[in-house]
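Hello,

Here is the structure we talked about. Please open it first, then read the notes below.

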Amino acid sequence: MKFLFRAIIRILILFVILIVPVGLFITFFAFTQKNIPIWNIGIRNVLRFAGYYRVPIVAVSYFIATLITVSLVDKMQIRSLILLHIPPVLIGAALIAGFYFVQAKRQPFRIIEQDIRLGYASFLKGDVFNEVGNRAIMIEKNEQNRFTLYIHNRENNDLQVMGGLPRSAISIDQKGQKVSFTSGKRKIITYTVPFKDFQQYEGVVKNRMLQLYVTQLRKTVSTLRVYFQKAVGIERFLFLGAVFISMLMIAIPLAYSLNDGGWGFSGITGALCILIVLPFLYSGIFFLIQKMRLNLSFLGSYTYLLPPLVFALIVIVLDIAV
Amino acid sequence: MNQATKNALISIILSTLAICLCVFVFFFFFHEQRLDPQFDSIKTLKTALHLREAFVSTLRVVPVAVIFVNVFCFSVLFTLKPFQTKEFTYYNVSLPSFIMLIVFLMFVVASESVIVPRLEKQIASLRYRMRVARNAEEYARDLKDAREYGKALSIIDVYLDIDEQNEDMITLYNEIIKLREEQEEIRFQETGGPAEEQRTPPATYYERGKEEYEKGNYFGALYYLERAHALHEDNAEIRELYVRTKRQAEEGLGKLTKAQEKKKRLIESKEKALEHLNQEEHYEAYEIFAKLHSEYPELQDLELYLNEVIQELSKKDFLPRELEEASWLPSMDNVVFRDQQGYVNTVSHIVPYNNQFYFYDITRYKIMKGKLNTFRWKYGKWIEWKYENEIESSIRLKNDEGFKKIPENRLGAQNISTYTDPGYLLYSTNREKLASLLNIYEWFSLSDSLRKSGVDIASKWEYLSRLFGIVFSVYVLSLFLSSLAWAKRSIYEFPPVAKLVLFFVVVPVTVYFLHLLYIDMNNLIIYSHRYFTRLMFKGMNVAVYTMIFNIVFAIVSTLYFLSQRSGVE
């Protein structure tokens with residue numbers, strides 16, 4: 001009992017510590033995926049976007065906290081591997097229940113939204129030439145609150161100047177992901193720049209290795225989403241529960257097996273390894289299911305229960321080996 | 001110093017050096033593979049370039065290497081047999097590690113703020129010289145095909161200045177010399193005699209004037225004797241020869257010009273031009289001498305005066321011919337910048353060569369009274385001159401005209417006064433490249449000017465804040481992860497091989513990402529400065545603000561590091 005309580009407390013503390021960096025990371029990553037520059041995004045937009053991404057933020061923080069706790073737990077205090085599943089399951093169940101009771105009915109798992117406020121300053125730094133694709137754009141604001149826009153084509157050296165623009169001449173289309181500058185009274189000239197051409201943030205979220213990993217993660221998530229969208233009513237929650245259980249079933253025994261009392265740090269490296277491998281493993285299993293065209297008629301309409309079944313099989317083998 | 005401390009010091013130094021050496025070798029071959037094959041022939045520069053590129057890449061990895069070495073030492077190395085003596089304490093390894101960390105931190109600061117920018121500049125210069133060599137080779141071959149052998153040889157000289165041992169170019173050089181000799185032989189046969197042998201010219205004006213006089217070239221003699229007489233007015237010998245030469249020249253002039261009036265006008269004009277020349281009014285002197293020379297091309301003194309004026313004017317002006325001759329050199333294309341006069345300027349090509357900067361196809365834009373005004377110029381050259389004991393500099397603009405004095409009210413329109421040297425403007429549309437070239441001194445002295453020029457570059461305090469991010473990342477992560485590694489250290493005599501392999505695969509990548517995450521977090525702190533100063537401490541410096549946060553993290557990690565004990569948990 002004491003062990004269970006300690007494990008729960010550890011997971012919770014780590015969860016609280018991790019939620020801020022994970023939240024920031026996921027939020028900024030989401031911004032860059034939508035080609036929105038984040039160097040002047042504004043704290044309100046960050047909080048709003050983080051709010052919309054609360055489900056993945058909580059899920060990832062919880063998962064990492066669980067993995068680290070399991071990989072560093074004192075093996076001498078554990079009587080059985082099954083017992084080790086109880087603290088994560090309890091916290092996970094509490095989190096899912098929290099989601100369900102607090103807001104699932106009102107906003108049933110609507111994860112992605114774009115209700116953020118963007119202005120020209122989110123895209124362009126004033127009084128300097130911003131690198132925008134093959135162009136450089138400079139915006140100058142005068143005392144009468146009017147703008148002068150300089151658009152330099154870096155391929156043919158042509159400079160387009162739009163003077164005396166009012167604020168309304170700069171419009172931002174979030175859905176179409178583009179910024180438009182309109183000028184002229186008799187002859188209207190519109191210059192449109194897609195979001196992706198603006199200078200993006202070049203931090204860790206743009207790292208190539210990480211992009212590769214996240215692409216894999218996104219593939220897995222989109223596959224899961226397809227299954228989720230196929231399900232109706234209570235089946236959706238059954239599906240989510242199955243995914244959640246399957247993740248714990250594979251991650252906890254793996255982390256436990258890599259946990260080494262003689263070298264605690266190797267447990268941490270093991271946890272990181274699991275974190276890296278898991279999306280690839282999920283994708284691999286779904287790929288195999290599709291490729292091998294397995295006869296899943298015995299599962300009836302509950303085909304989504306296959307991954308936990310596969311993982312359960314792996315865990316049994318692993319458990320015997322450990 | 002006991003054995004454990006000594007071992008710890010050696011382990012940390014050797015591990016760091018070994019990692020850096022491996023990284024260096026890896027990057028050397030990596031950059032070698034990536035080089036554009038067209039530069040393959042320029043062997044001397046190729047190796048120098050790869051060495052510097054590999055060095056820069058290695059220096060960029062040093063922060064991660066330092067953190068990793070600390071984690072490795074505290075997790076595995078310090079737990080091995082050579083350290084585990086009876087007298088071993090945590091203090092024996094933590095103190096040398098901490099001292100080495102401080103040394104490495106100093107190196108990281110020097111590397112980020114001085115060494116890397118210096119190497120980046122050398123790389124940029126080497127890359128440009130490679131482009132010059134490649135263009136020189138192409139141009140020389142074109143000139144050879146066009147039978148302009150003299151010019152081709154001078155272009156090959158440019159190449160050989162860069163890579164003097166290039167066999168292909170030496171062969172081409174010899175080939176062209178042979179062709180030129182053949183060409184001269186044909187010309188000799190056509191003209192009937194070789195050109196006069198060149199003699200070393202006498203050193204002084206008087207000697208040269210005397211020699212010209214003896215040859216009967218009174219106009220040439222007059223030029224030198226006039227200069228000699230101006231310098232030594234008391235010298236009777238010079239005066240006597242000068243008077244004699246003048247008389248002879250005037251007689252000769254009489255033969256040349258039929259009308260006496262014309263002769264008088266020429267003498268008056270020349271005197272006026274000389275007056276301008278003596279008063280350093282070079283433009284006025286040039287105007288008269290150029291006119292006279294075109295009228296009397298046979299009068300050598302006029303030609304010599306004209307050359308002298310051109311030489312003087314070249315210090316503050318230029319002729320379009322100079323830019324046409326340099327147009328074969330590689331250029332930085334399509335540059336845009338703002339100047340001190342409020343114009344936005346676009347330049348098609350900028351050629352930097354031998355401390356000169358040549359500008360081609362310049363267009364200046366300015367909104368005046370709500371209307372856009374555009375001015376186009378064909379050529380521009382960066383000119384530095386002395387004005388009232390101060391060095392002034394600007395880009396002098398012109399079309400096809402020769403030397404022409406600009407009226408006071410047109411000075412602003414025909415000169416671009418830039419905020420910085422043009423060397424920095426070359427990279428105005430590549431902010432990352434420019435940022436990598438600036439050392440700490442340049443950041444502090446130039447970042448404001450560069451921003452005024454329209455370059456999207458961080459302010460000097462933001463740069464300093466970012467530098468803090470890198471330095472504190474190494475400090476905080478090294479201490480924090482070392483402490484964690486020590487708390488969860490191996491108690492095996494030798495750790496399991498499979499787990500050790502996993503450690504070597506996962507930990508460097510993790511450390512790398514943690515370093516990047518720390519730098520990102522530091523950027524977030526910099527960003528939050530604007531919100532913080534709105535609430536309190538208005539006008540607080542961003543570098544101080546960032547420093548405070550980093551110091552807090554540093555204190556926490558240091559306390560965690562100090563809280564570790566020798567015993568196993």
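**Where the chains meet**

The contact takes 30 residues from chain A and 36 residues from chain B. Two residues are in contact if their C-beta atoms, placed from the backbone, lie within 7 Å. On the side of chain A that touches chain B, the elements giving two or more residues are β1, β2, β3, β4 and α7 of chain A. α7(A) gives the most, with seven residues. By class, this side of chain A has 14 nonpolar, 12 polar and four charged residues. Ala, Val, Leu, Ile, Met, Phe, Trp, Tyr, Cys and Pro count as nonpolar, Asp, Glu, Lys and Arg as charged, and the others, Gly among them, as polar.

**How to read it**

This is a predicted model: local features need pLDDT of at least 70, side-chain atom pairs count only at pLDDT 80 or more, and totals for chains, interfaces and linings use all residues. Residues are numbered from 1 along each chain as its sequence is written, while chains are lettered from A and ligands numbered from 1 in the order in which they are written. Helices (H or I, at least four residues) and strands (E, at least two) are DSSP runs, numbered from the N terminus.

**Helix α4 of chain B**

α4(B) covers residues 149–162. Tyr149(B), Ala152(B), Ile155(B), Ile156(B) and Tyr159(B) are buried (20 or more other C-beta atoms within 10 Å of their own; exposed means 12 or fewer, partly exposed in between; C-beta atoms are placed from the backbone). The face turned away carries exposed Gly150(B) and Asp161(B).

Best wishes

Conventions
Expected span 1.5 Å × (residues − 1).
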